[in-house]
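Entries follow in the order I made them.

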Amino acid sequence: MKTLCNNKVPKVPMLVKEICQELVLSQEALKEVCDRLQEEINKGLGKESNPEATIKCFPTYVRELPNGKEKGRFLALDLGGTNFRVLLIELGDKCTMESRIYAVPQPIMIGPGDGLFDHIAECLASFIKERNLGTELLPLGFTFSFPCKQEGLTKARLARWTKGFKCEGVEGRDVVELLKKAIAKRGDVKIKICAVLNDTTGTLMSCAWKNHNCRVGLIVGTGTNACYMEKIEKVELWDGDLEEPRQDDSHEFLGVIINTEWGAFGDNGCLDFVRTEYDNTIDRESLNPGKQLFEKMISGMYMGEVARQVIVRLVAEGLLFDGKSSDILQEKGSFFTKYISEIESDEDGDFNNCYAILEELGLNNATDADCANVRHVCECVSRRAAYLAGAGVALLLNRINEESVSVAVDGSVYRFHPHFHNLMVEQVSQLIKPGIKFDLMLSEDGSGRGAALVAAVASRTSAMR
């Protein structure tokens, strides 16, 4: 274990700070981000402007929040990354869950679409048989965490793949129909798909089960997205019933949850004023150049690579490790986003995690000064991500304009980065209208429990009709 000499924390040199400066966003720049996000959301909600809008603002057809009285057994299927989960959830006074995680192998992620849905159906059938649920027709909530245009509570067409998926023959098609077809082809299980939703909607619903003032759902994990409750009259895209449902006995119409798909914010160039050379390189070398530019500045899939590129530049300029790199550090993707969380988890003046990570990267002769500089890079990258996410949340709270709102948040970056929550709170507080109170709440298993709750509310609503 290495410790600091003389207990002095090395100062970050001005040259290092100057190179990192373009990652530092001024308050004026963040206010401008809010203004531009407002403009893009309005375009997304407009009937005529939506086809050209980059933030698609898909209505989810979820119009009712949980009332806390939902009961019964439900299945949830959660696909949103390199793993997916199947869950059996029992709602009552408490929520009990059993779940199993299944891998999505790389060849399936980039192979034909039928292969993906056949794989999901096979794992779903295996889960049901293991628990002897074959005779019970259970309602299922399907969390499908990719940009979709919803055409109903159980109909969603994939707009485009993200997060490294590239399955052929799925974009533009109804993913519920594809899943039903794969299940029917097997013929060995009975499932009633009650709802398809995004993990962001699930995050909001899961929190709203116990916190009835929850109006915003946010994910900051492998990707980023947000949803919020919008008044129906502001949603020109809405093609459903304008009157129903009412929330319990109140006479207030809540509106509809809008899935913003804000990861695509900036795809039209409106964020170029805050993007850097590192962002441009990441985008150019990605699977989806020119797409999801806001996400590429914020999410866990990219933060580590932003940091690596800055570190590589500092090495090239002789400002780190005596100008000597390592083969591992030169590899794209070798500096994982979890390294940022681990390095920033070290106490001030303690570089134990940093030394361990640098050794993993083949950098065995680092000094305390090197560690201080690497930490500074990580702080700049994570602060920028948290401030941009905070600016987005502030804008949604200003749109909702209610006195007190809970924001449900989930995702690995928010969960595991030691300062992300506080940095977001700091920025939201700067940018919201005076008089609005808010809190950011970690949402417990939005994509699992949230999916079950959407299915439960859908079942309850259909039973009342």
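**Entry: Phe 335.** I listed the contacts of Phe 335 (heavy atoms within 4.5 Å), leaving aside neighbours within four places in sequence. The partners are Gly 304, Glu 305, Ala 307, Arg 308, Ile 311, Ile 340, Ile 343, Ile 357, Leu 361 and Cys 378.

**Ground rules.** I am working on a predicted model, where local features need pLDDT of at least 70, side-chain atom pairs count only at pLDDT 80 or more, and totals for chains, interfaces and linings use all residues. Residues are numbered from 1 along each chain as its sequence is written, and side-chain values use heavy atoms, with hydrogens and water left out.

**Entry: cores.** I then looked up the nonpolar cores, meaning sets of buried Ala, Val, Leu, Ile, Met, Phe, Trp, Tyr and Cys residues joined through side-chain atoms within 4.5 Å. Buried is under 20% relative accessible area, exposed over 50%, partly exposed in between (1.4 Å probe, protein chains only). The largest core holds 93 residues, and Phe 321 and Phe 335 have the most contacts inside it. Helix α13 (residues 368-400) gives the largest share, 19 residues. Helices (H or I, at least four residues) and strands (E, at least two) are DSSP runs, numbered from the N terminus. Apart from this core lies another, of 41 residues, with Leu 77, Met 109, Phe 146 and Ile 191 among them.

**Entry: Leu 395.** Leu 395 sits in helix α13. I count Leu 395 as buried because its relative accessibility is 6%. Beyond four places in sequence, Leu 395 touches Cys 34, Leu 37, Gln 38 and Ile 41.

**Entry: cysteines.** How many disulfides are there? I count 0, taking a disulfide as a pair of cysteine sulfur atoms within 2.5 Å. The sulfur of Cys 20 is 4.6 Å from the closest cysteine sulfur, in Cys 380, so it is too far for a bond. Cys 20 is buried, at 1% relative accessible area. Cys 57 is in no disulfide either, as the nearest cysteine sulfur, in Cys 227, is 11 Å away. Cys 57 is also buried, at 0% relative accessibility.
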